[in-house]
Amino acid sequence: MYFIYNILVYIAGFFLKIVALFHKKLGLFVQGRKTVFEILSNQLKKEDSVVWFHTASLGEYEQGLPVLESLKELYPTHKFVLTFFSPSGYEVKKDSGVADIITYLPLDTKANAKRFIKLVHPELVVFVKYEFWPNYLAELKKQHIHTISISTIFRSSQAFFKSYGGWMRKSLHAFNHIFVQDETSKQLLENINYKNVTISGDTRFDRVLEILQRDNSLPFIANFKNDKTTVVIGSSWAEDEALFVPFINSSKEDCKYIIAPHNIKSQEIQKLKNSITKSTVLFSELDQHKDLSQFDVFIVDTIGILTKIYSYAAIAYIGGGMGSTGLHNTLEPAVFGIPVVIGKHYAGFKEAEDLVKLGGVLSVKSPAAFQNTLSNLLKDTNFRASVGIINHNYVHANGNASEIIMAYLSKKQEILKKLPFNC
């Protein structure tokens with residue numbers, strides 16, 4: 001199977017180059033990897049002490065950021081290399097300055113893994129959540145480089161736990177330690193004789209709790225809200241619009257609506273605006289209006305301010321759960337202690353599964369269910385408050401994952417002295 005995997009990686013790399021000619025995102029995926037080795041050669045010296053931090057995309061980056069920032073404090077003289085697999089992470093964070101070098105991770109071939117690790121020569125490697133690249137992990141183990149995985153979650157359906165997954169199980173033993181989110185993940189690992197595992201929870205909780213410490217004020221949103229009950233709809237797709245647009249148009253409640261669509265292309269934004277019968281203003285139209293309080297609906301056709309907008313919400317609806325795109329982040333609004341409404345597809349999103357069971361996240365399957373749920377939340381302030389408290393308590397109770405991970409790393413500072421591999 002390992003042999004077949006390597007063949008498939010080369011085949012995928014070949015076809016990606018062809019498809020990239022016609023697909024913008026894949027074009028970034030391919031083009032961005034062409035300069036990785038040159039960047040590393042120019043910006044790293046053999047005498048540099050390096051920590052390598054790898055995430056798949058933007059979500060995993062946000063998830064791992066509390067640990068990355070803590071590591072920078074723990075090892076202030078080290079250089080940090082941050083890699084992404086996906087353009088949706090790299091393109092947003094490539095100029096952020098959060099690490100000394102930010103780049104793509106080359107495809108997982110034996111040659112790429114050997115060359116990359118030789119150039120980076122990391123003394124510590126941190127992979128976030130689902131990142132398991134057999135050739136990179138094999139090379140890290142071969143060179144006795146201390147490697148950990150954080151905020152990891154395992155499912156019995158994964159190859160590691162199947163009869164044919166021996167070659168993948170071998171990859172797990174490249175990790176000196178794996179910090180998992182839950183007891184199920186720990187048990188799955190122990191069942192395949194992997195013992196260096198700790199339940200730490202999810203570092204995303206630490207990340208969202210940091211939001212409460214920031215200045216979340218947005219004067220133009222305060223002006224729009226005008227002290228009225230406000231519903232914030234975050235990261236919505238067309239399937240979500242089929243729920244909330246009819247409700248907005250027909251609702252008699254005296255409240256405001258803020259919509260932050262996932263797709264902010266002008267054509268899609270205009271289509272959404274035209275579908276709403278109530279007075280609507282766009283973020284891009286702010287300079288045309290001095291008093292936003294006259295509008296009922298605010299459409300956010302920009303990125304980067306949604307987490308702050310949640311601080312103005314009485315209720316949040318999070319998109320992605322009505323279609324097949326995947327549910328977006330429910331913790332960002334939940335941290336503010338407000339009710340969160342989602343669509344029907346949330347399996348595999350642990351925090352959503354947990355909060356649906358607890359009653360802090362309310363899942364709806366149809367426009368009628370959405371209307372009933374929103375109406376109840378808007379009319380019954382006691383119900384709204386009780387649902388919000390569930391979310392507040394859940395987030396705060398789970399907010400110590402980074403501390404657990406950093407306690408391990410603080411005690412293991414000698415790992416950056418290239419000690420023999422001990423897994």
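I take helices (H or I, at least four residues) and strands (E, at least two) as DSSP runs, numbered from the N terminus. The model I am reading is predicted, so local features need pLDDT of at least 70 and side-chain atom pairs count only at pLDDT 80 or more, while totals for chains, interfaces and linings use all residues. Residues are numbered from 1 along each chain as its sequence is written, and side-chain values use heavy atoms, with hydrogens and water left out.

I looked up the second largest pocket and found about 330 Å³ of space in it. On a 1 Å grid over the protein atoms alone, a pocket is an open set of points where a 1.4 Å probe fits, with protein on both sides within 12 Å along at least five of seven lines; lining residues have an atom within 4 Å of a point. The volume is the space filled by probe spheres set on the points, which are joined across faces, edges and corners.

The UniProt record, an unreviewed entry, annotates residues 6-23 as "transmembrane region". I note that such annotations may be inferred rather than shown by experiment. In the model, residues 6-23 are 78% helix and 0% strand, with the end C-alpha atoms 25 Å apart.

I asked which helices each supply at least two residues of the lining of the second largest pocket. They are α1 (2-19) and α2 (24-33). The largest share, 6 residues, comes from α1.
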